[in-house]
Amino acid sequence: MTHLPSSTRHEPPPNKPPRFRSMPDTTKPTPQGTTRAAHYAAWILACTTFPLIWMGGLVTTYAAGMAVPDWPSTYGYNLFLYPLESWLQVWDVFLEHGHRLLGSVVGIATIVLAILLWRRDTRPTMWWVAGIALAGVCLQGVLGGLRVVGSKIFDTEIAWMPAPVFLTIAAAALVFLVQAIPPGAAGRRKLGFWIRAAIVSGLFAALAWFGIAAVEDRLFLAKVHGCTAPAFFALAAGTVVATSPRWVESSQPTETPFATRLQCLTTLAAGAIYLQIILGANLRHIAPNAAPWWFTLWIWLHVIVACGIVLLILWLFVTARRHTPNEPLLRRRISLLAGLFAFQLLLGVTTWVTNYGWPLWFTENILAVEYTVVAESLWQALSTTAHVGVGSLCLATATSAALWSQRLLKFPSASPPPRADKYRNTPTGQSKRNRRQ
Amino acid sequence: MPDAIRTIQRAFLVCLALAFPGCKSANESPSFRINLEGRHPAEVSQTQRDAINQTMEEFFGTPDKPRLPEGTGLDLDRIMMAAGPVAGNADGTQQGLFRQHCATCHGISGDGAGALATTFNPYPRDFRRGTFKYTTTRADAKPLRSDLQRTLLRGIPGTGMPSFSELPTGQLEALVEYVVYLSLRGETEQYLIQLVLDEGEYLPLGTDAKEMILEDATLWVAEQWADVEQNPNEYIVPVPPRPVYASDAQFAESVARGKRLYSSKDAQCVQCHGPDGAGDGEDDEIYDDWNKPKKGVTPEQTAKLSRLYTLPIQKLRARDFREGAFRGGSNPEDLYRRVHIGIKGTPMPAAGPQPGAKGVFTPQDIWDVVNYVLSLSGED
Amino acid sequence: MQNSVQPMVRDTDNMNKLNRRQFVGGSTVAAGSLAAGIAMPGIARAAEDAWGDLTGKFVYDGVAPERKKLVVDKDVECCGKFDIRDESLMVGDDGGLKNVYIYVRSKRVDICPDLDKETEDKVLLDNRDCIFVPHCMSIWTSKQKYHIVNSDPVAQNVAFNPLLDKPANIVIPVDGDATWTFRRAQRVPVPIACNYHPWESAYILPLDHPYVAITDENGSFTIPKLPVGELEFQIWHERVGYLNTQDWPKGRMKTTIQAGTNDLGTIKLAPSVLEK
């Protein structure tokens with residue numbers, strides 16, 4: 001009986017394609033996994049999602065969310081059949097209906113991408129990504145629709161309906177997961193499997209909870225809708241990265257002791273930027289009867305996290321500049337992130353000033369500016385919506401940087417066992433001595 | 001398999017437990033907030049609260065469905081346009097204007113304590129006192145609708161109050177009417193609160209009591225608003241044309257006269273605005289009417305009192321004329337009105353003549369003072 | 001006999017007057033009875049009906065605390081020379097409590113026609129020695145005007161904001177004066193402040209009848225020519241508002257006035273009653 005080494009890496013049986021593999025497996029040469037078509041489809045998806053986020057931002061800026069009272073129809077017309085003149089005549093309807101149309105375009109792009117990934121990509125991870133993207137875009141559409149009609153549909157105790165539905169789905173998913181692993185296999189005893197199962201069930205539980213809380217609460221739905229969009233955009237950006245030729249063809253990552261730091265920092269940056277987006281969503285969608293300190297609280301959080309991200313990005317930038325001479329791609333991504341974030345900070349300032357005027361401490365101590373805020377002015381709408389759009393772009397760039405740092409860098413490990421010697425018993429004493437050196 | 005089933009069962013229970021927190025949100029139909037400024041919440045019983053809320057709803061409805069008692073003279077159609085949740089129609093008409101443009105700062109009840117209130121200095125206006133700062137009417141009179149519309153159009157420079165010049169006139173009129181509605185509601189509520197909490201009127205309030213509130217408070221205040229609209233000549237402060245000066249020397253003389261008047265003991269401008277108009281007068285503890293009740297004699301008392309109010313105490317800043325950002329408008333005519341009428345609800349008094357009081361300055365004096373102030377701000 | 005209020009007719013074109021129709025309950029009560037249900041300036045009775053006086057004396061039953069010296073930091077050259085002290089609790093040598101308001105609270109009260117003739121048409125507020133003189137006043141809204149004078153060598157300001165009535169913020173130049181009219185009665189005295197001199201304070205109670213008294217230095221008061229019958233009185237002091245005692249919850253006192261003098265006697269107030 002072969003003695004399997006006690007390595008933490010998941011070794012598949014030699015004659016079956018890998019099923020659940022953590023992404024990416026950088027020590028093995030990856031198969032030629034995708035086609036140019038998939039890469040282009042990913043780019044098209046990303047490039048259509050970005051303007052969609054801008055449209056969504058404009059809808060909130062002009063409070064046009066309820067300009068169309070029904071969904072998925074528009075004033076009784078089918079989504080694609082609403083008369084052109086009526087659509088273009090009223091600004092609010094133009095925004096809301098246009099947002100829905102562009103959303104359907106993104107949906108089609110997602111379907112195309114998903115098909116290409118399922119058929120042409122050999123990496124199972126990408127199949128999961130395709131599935132999640134498809135589920136994500138459907139979820140976004142439904143969220144948007146519920147935000148408009150939700151309280152009308154679920155006006156009675158039927159509001160509890162989504163929960164059992166989701167719970168059933170969660171149970172079914174769990175059963176499926178468990179069934180997929182043959183009984184007695186080593187996999188069932190692995191912690192990783194149970195963690196994954198718990199995450200999936202947790203996700204469905206969260207959906208169930210959201211389902212109840214959100215369906216009655218339009219404001220909450222609007223916030224979730226606004227937070228799912230950047231996540232989807234980041235997913236699209238990640239797909240662009242993962243289907244790019246460089247990614248697929250890259251074999252040996254550069255070994256550098258700063259790999260872990262860079263990987264952690266980029267991942268942390270992406271997470272922190274997403275946190276900023278969530279905070280921003282709470283600043284944009286304020287309940288009409290919120291307490292008077294509500295906005296001050298969230299603004300302080302938003303500013304504090306922004307300061308944290310500035311420090312993070314500075315550290316990242318310096319580390320990347322100094323310690324990745326052989327990875328210009330990664331350096332470029334990080335520089336782009338730094339530049340975008342600096343622009344985002346500037347946009348934040350202009351958003352504040354065009355919406356709320358110059359703060360008192362500024363006019364009293366620094367420069368007395370006579371400025372009157374103009375509601376719904378071009379500058380106000382532009383800078384506020386740009387702040388939303390560029391924020392999503394920052395998230396996408398950070399995601400890309402994080403993925404590339406995972407792919408291109410590797411922490412130097414102490415004398416990895418060569419492949420041929422995998423099943424040979426290494427004299428423990430000798431290896432320990434090596435390690436001590 | 002048995003352990004998997006057990007896991008599934010546990011997961012199911014966890015999901016169930018997590019699912020229950022969801023509940024119907026109050027965001028969909030917000031209600032007006034009761035005005036308990038300056039009162040300890042524990043001193044107000046639930047019965048009293050219910051009586052007040054119920055009476056106010058009977059008279060004025062809810063933020064989504066406003067009502068008006070008969071005879072107030074307010075335009076209910078305009079109020080309906082401004083009330084309710086934000087929505088649009090296919091033809092471009094808008095609904096919920098107040099909630100879209102105003103409620104985040106001024107609050108859903110017009111109490112100046114919206115979600116953004118603490119971000120601003122000065123705080124957004126609390127309409128419930130029925131006092132509005134920048135008007136063309138006499139110091140003791142209510143504003144005209146056109147005064148409120150001017151504030152909406154112009155905004156207030158140097159503060160968070162935007163200019164709504166991008167909105168069509170119909171929407172502005174609807175907003176103005178809704179503000180008057182909130183103000184009327186606020187003053188009625190003040191009377192009702194005094195009746196129920198201070199006077200201990202028997203609850204539940206009977207028809208007699210409600211009639212009395214209607215007559216004594218709502219219609220009384222509504223008449224004040226209507227009176228100003230119907231007899232504008234009696235209430236608007238006339239602004240004589242600005243004197244034209246033949247030469248620079250004459251203008252300089254006027255400025256010098258203005259400076260003398262400004263610094264005179266009769267006017268006491270220097271107290272707050274300082275000897276050079278820099279806003280650094282010896283009186284630096286000034287408060288407007290909304291914040292004055294929060295001030296106690298000692299800092300501990302102030303802290304204690306402040307807690308009974310929604311917003312913490314905020315000092316007023318006497319205008320620094322060198323900055324030039326005059327809140328009520330920077331035209332010479334606007335400044336004339338400011339000096340003549342004062343600023344309602346603040347320590348800035350009416351220096352010009354009004355019925356029953358000669359005031360400190362004659363109209364000619366006021367122009368001299370205005371010239372002086374404008375010379376300080378560098379505008380002309 | 002005074003008539004009830006004429007119902008005002010609404011001119012829908014000009015909206016000159018408001019039509020005060022009922023809306024609560026949907027019942028159609030005639031305007032006359034509506035007026036009767038609301039507080040009205042009293043319907044004058046024939047002079048031969050009996051009228052009574054109410055007298056009494058309020059005494060502070062304890063050692064009077066020393067009146068705090070107020071901070072005078074504005075116009076010090078002019079006002080600094082006066083010994084300006086807190087006037088919120090003024091106790092005389094024999095313990096008499098000054099500046100307690102006693103006024104009729106009942107909604108309907110008949111007014112003696114003699115009082116109609118005897119009352120002066122003005123109530124004076126003087127700015128003198130950098131304080132308001134007197135500290136507590138009352139005014140009959142339908143008969144009297146408020147006359148404010150300035151006897152100080154600096155300009156003074158008088159600011160007050162009665163509930164639902166016009167707000168006042170008047171500058172009185174040196175040797176100047178102003179006249180003010182109150183348009184409605186109030187339930188509690190209105191505080192008066194000076195924006196230039198923050199230590200100054202006074203109170204005025206506008207009522208639509210003359211039955212109010214303010215205790216003097218000895219704590220004594222007299223309300224003359226009250227209508228005979230049961231009346232409810234309100235007792236108020238600036239320190240605590242309504243004088244809440246065991247006998248008088250919320251400072252309200254019901255008593256039957258008889259012809260002649262009705263003496264409440266000496267009313268001793270424990271210091272705890274006047275504690276903030």
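## Chain C at a glance

Chain C has three helices and 17 strands, where helices (H or I, at least four residues) and strands (E, at least two) are DSSP runs numbered from the N terminus. This is a predicted model, in which local features need pLDDT of at least 70 and side-chain atom pairs count only at pLDDT 80 or more, while totals for chains, interfaces and linings use all residues. Residues are numbered from 1 along each chain as its sequence is written, and chains are lettered from A and ligands numbered from 1 in the order in which they are written.

## Where C touches B

Here 37 residues of chain C are in contact with 48 residues of chain B, contact being C-beta atoms, placed from the backbone, within 7 Å. On the chain C side, helix 1 (31-37), strand 8 (168-172) and strand 9 (177-180) each give two or more residues. Strand 8 of chain C gives the most, with four residues.

By class, that side of chain C has 19 nonpolar, 12 polar and six charged residues. Ala, Val, Leu, Ile, Met, Phe, Trp, Tyr, Cys and Pro count as nonpolar, Asp, Glu, Lys and Arg as charged, and the others, Gly among them, as polar.

## Helices 1 and 7 of chain A

Over in chain A, the axes of helix 1 (residues 36-61) and helix 7 (residues 218-242) come within 9 Å and cross at roughly 160°. That makes helix 1 of chain A roughly antiparallel to helix 7 of chain A (an angle over 145 degrees). Axes here are lines fitted to C-alpha atoms, for helices over the stretch in contact, and angles run from 0 to 180 degrees between N-to-C directions.

Among the residues that meet are A:Trp43 and A:Phe50 from helix 1 of chain A, and A:Phe232 and A:Phe233 from helix 7 of chain A. This contact has 13 nonpolar, four polar and no charged residues.

In helix 10 of chain A, the buried residues are A:Trp294, A:Phe295, A:Ile309, A:Ile313, A:Leu316 and A:Ala320. They pack against helix 9 (259-284) and helix 11 (328-356) of chain A.

A:Phe204 sits in helix 6 (residues 191-215) of chain A. A:Phe204 counts as buried because it has 21 C-beta neighbours inside 10 Å. Its C-alpha atom is separated by 9.1 Å from that of A:Ala171, 33 residues apart along the chain.

Methods
Contact = placed C-beta atoms within 7 Å. Buried ≥ 20, exposed ≤ 12 C-beta atoms within 10 Å, placed from the backbone. Parallel < 35°, antiparallel > 145°, perpendicular 65-115°, else oblique.
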